[in-house]
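Subject: Structure handover

Hello,

Here is the structure I said I would pass on.

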Amino acid sequence: MSSSPAFNFSHCQLHHNEPSSSPLVKFRSNFNHFPVPINQSGTLCIQLSNNRRSRRSCAKSNIQMTLVDESFGRAKAIISPSEILAYDLVQGPLVRWSYIADRRVPCPPTAVLLHGILGSRKNWGTFARRLAKEFPNWQFLLVDLRCHGDSASLLKTGPHNVSSTALDVLKLLGHLRVTPRVIIGHSFGGKVALSMVEQAAKPLPRPVRVWVLDATPGKVRAGRDGDDHPAELITFLSAFPDKVVSKREVIQALVHEGFSNDVAQWVVTNLRQTNPSDSSSGFSWIFDLDGIAEMYQSYEDTNLWDVVEDVPRGVHVNFLKAERSLHRWALGDLQRIHAAEEQASQEGGGVEMHVLEDAGHWVHADNPDGLFKILSFSFQGV
C-alpha cells in the first residue's frame, strides 16, 4: 500500500446565503472551506483519492463507490456529469427527480440505453420517448459514448476499448447518483453493457436486467457478402476530408462504394454544419474516427463469455438476435448461450435468448414495435 496521502471531502452542502439564481456548493475538507459555482447541469462533491494502486484495483475501487451512489475523481475536486459523457435524460411524466436535488429523494427506476459504433444517443431518442410515455414512472439515460457525438469533444485518453467505454458509463452513473435497473446496449453497446457488469463491484445493490441487442459475447464474425461491414465503413470514412460540402456528397460516395442507402443516411447524422448561420459553410464530422477505429477493433476482439457463463446473482442477461442480422451468429455461439441459460437458472442468475422477427441489425429502426414488445416486460411491475 502506498504511503501517498488520501484526500476526502467529508461534507457537501448548499451554501444558502447565495442568490438562488447562482447556487453554490460549499465543501468542507480537512484543510479549508471553499465555494464552487454549480453550472446549469449541476455539480457534485466527490471523493478524491491519491492512493497509488494497480490499475485493476483502482478501477474496482472506483466502481464500488459508483454502485453505492458516491462520486469520485482523480485530478480535480469538482466535476459535472456532462464532463464525463454527453447525455440526455428522458423522464416519464410522473418523474420528479434531479441528481442535484435532495439526496434523500429516491432515484426513480432508470434504464440506460447505449448506441453502437458510429452512432449517438440520438439513435435512441424516439424509442426512449415512447418508453417514457408507456412507463411514466421510469427515466431513460441516453449517452454519447466516448469518441462519438458530443462526447467526442471531451478528448478521452486511451485506450479506446470496450472496457474503458464501460467505465465511462459507470462513472457517469456514479456522478448522477443513479443505479440502473435496466441496461440496453445495441451492437458495440451490448458488449459495453456486459463489461459494465464485469467491472461492477459485487454484490450489486439491486437486480439488473441487461439487454444485448444483436451482438455476441465473443469474437465478432463478419457478415455475408453484400452486407455492410463496419470495419470497411470506418476505413472508407477515414479517406474523407474533415469538412465536406454537403451530406448528399457523402451519401452518394458511400452508395457508390457499395454501402446501403440506409447506412449512408445514418452515417451523415454525424455531420454538423460548420457555421449554422451560413448555409454555404459546409459540414464537418463530429466523431473521433481514429478513436472509433480502435473501439471497433476492441469490439471484434473482446471476449466476455465469462460474464455470461458465470452471471452474478441478481443479473439477468438477455440476448436479442435480429432475424436478418448483418452479423453472423455462429451455431456454436447460439448453443453456448442456451447452455449458459440452463446453468444460470440453476444458480440464481439469468440468461435468455430472443429473436426479433422482420429486422436487420438496426433493430430499433427496422422493427421498433417488435422490439418495444420484447423489452416492455423489463419495465412492468415497478
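This is a predicted model: local features need pLDDT of at least 70, side-chain atom pairs count only at pLDDT 80 or more; totals for chains, interfaces and linings use all residues.

Residues are numbered from 1 along each chain as its sequence is written, and side-chain values use heavy atoms, with hydrogens and water left out.

The sheet

Seven strands form an open sheet with mixed pairing, in the order S8-S10-S9-S11-S12-S16-S17. Helices (H or I, at least four residues) and strands (E, at least two) are DSSP runs, numbered from the N terminus. Two strands count as paired if DSSP finds at least two bridges between them. Strand S8 (87-91) and S17 are the edges, each pairing on one side only. On average, neighbouring strands of this sheet are turned by 20° against each other, direction ignored; axes are lines fitted to C-alpha atoms, for helices over the stretch in contact, and angles run from 0 to 180 degrees between N-to-C directions.

Within the sheet, strand S9 (residues 110-114) and S10 run parallel and are joined by four bridges. Thr 110 stands opposite Gln 139 in S10.

Helices on the sheet

Helix H2 (residues 125-134) lies across S8, S9 and S10, and runs at about 170° to S10. Helix H12 (residues 368-375) also packs on the sheet, where it touches S11, S12, strand S16 (315-324) and S17. Contact here means heavy atoms within 4.5 Å. The direction of H12 makes about 165° with that of S17.

Backbone details

Most residues other than glycine have a negative phi, and most peptide bonds are trans. The following places depart from that pattern.

- Gly 158 and Pro 159 are joined by a cis peptide bond, with omega about 0°. Pro 159 sits in the loop between strand S10 (139-143) and helix H3 (162-176).
- Lys 202 and Pro 203 are also joined by a cis peptide bond, again with omega about 0°. The loop between helix H4 (188-199) and strand S12 (208-213) holds Pro 203.
- Arg 177 is not a glycine, yet has a positive phi of about 60°. Its place is the loop between H3 and strand S11 (182-186). At 7% relative accessibility, Arg 177 counts as buried (under 20% relative accessible area; exposed is over 50%, partly exposed in between; 1.4 Å probe, protein chains only).
- Asp 358, another residue other than glycine, has a positive phi near 55°. Asp 358 lies in strand S17 (residues 350-360).

Regards
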